[in-house]
Amino acid sequence: MKILVTGFEPFGPDAVNAAWEAVSRLPEVIGGAEILKRQLPVEYEAGPARLKALIGELAPDAVLSVGQAAGRAALTPELVGINWKDASLPDNAGVLCQGEPIDPDGADAHFSTLPVKEMVSAIRGAGVPAQLSLSAGGYLCNCLLYHLAGLAKERGIPGGFLHVPCCCEQVLDKPSCPSLPLPAITAGLEAALGVIAESLQKG
């Protein structure tokens, strides 16, 4: 049993990305599932393409992609990815998307097929703030979730996305920006992955 867990590279002004920092620190095995950790580029084209290639190469039983959401104070499993790109920040390839569909011929939205409500409960049970999110925004995280949920549906495996706050090291000069210690973010992800592993075992 294998779970592919991805985290994004740094983007914008940040030298680190809390998502990848936490993903890279996860145990190799959680709930009997092998955890396959991979980093993705923050690019509208290359990010989803890399994810698709990894799914084909690794043949995971489930996929959880993780991204950073500056300004959020809790871990937030996402319910839905919408077919829309709209952000004020360009991606790491310099591409700026401000109001256009991800796939002009695609569905309006794709829903996560992970047990998101149970993941929220498990994260809270680990002593880490969590809540369900109904919007992954309009930047790369939403774009990746839209692609991932569609790919997961095609392959018949569970797949979805989870946002994490900034880690404390990122906000030393931004005291008004919410953050969590990196060990807490990692513990929350581990709890969420435990739920995913359990759901796979139950079939």
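Modeller: Start with pairing. Two strands pair if DSSP finds at least two bridges between them. Strands are DSSP runs of E with at least two residues, numbered from the N terminus. This is a predicted model, where local features need pLDDT of at least 70, side-chain atom pairs count only at pLDDT 80 or more, and totals for chains, interfaces and linings use all residues. Residues are numbered from 1 along each chain as its sequence is written, and side-chain values use heavy atoms, with hydrogens and water left out.

Colleague: In which sense do β1 and strand β3 pair, and over how many bridges?

Modeller: Parallel, over seven bridges; β3 covers residues 33–40. β1 also runs parallel to strand β4 (residues 62–68), joined by five bridges.

Colleague: What does G7 stand opposite in β3, and what in β4?

Modeller: In β3, G7 faces Q39. In β4, G7 faces V66.

Colleague: Why is β1 largely enclosed by the rest of the structure?

Modeller: Look at accessibility. Buried means under 20% relative accessible area, with a 1.4 Å probe and protein chains only. Strand β1 spans residues 2–8, and six of its seven residues are buried, so the rest of the structure largely encloses this strand.

Colleague: How many disulfides does the structure hold?

Modeller: A disulfide is a pair of cysteine sulfur atoms within 2.5 Å. The structure holds zero. C97 is in none; its nearest cysteine sulfur, that of C143, is 7.7 Å away.

Colleague: Is C97 buried or exposed?

Modeller: C97 counts as buried, because its relative accessibility is 3%. C143 is buried too, at 1%.

Methods
Buried < 20%, exposed > 50% of the residue type's maximum accessible area, 1.4 Å probe, protein only. Helix = DSSP H or I, 4+ residues; strand = E, 2+ residues; numbered from the N terminus.
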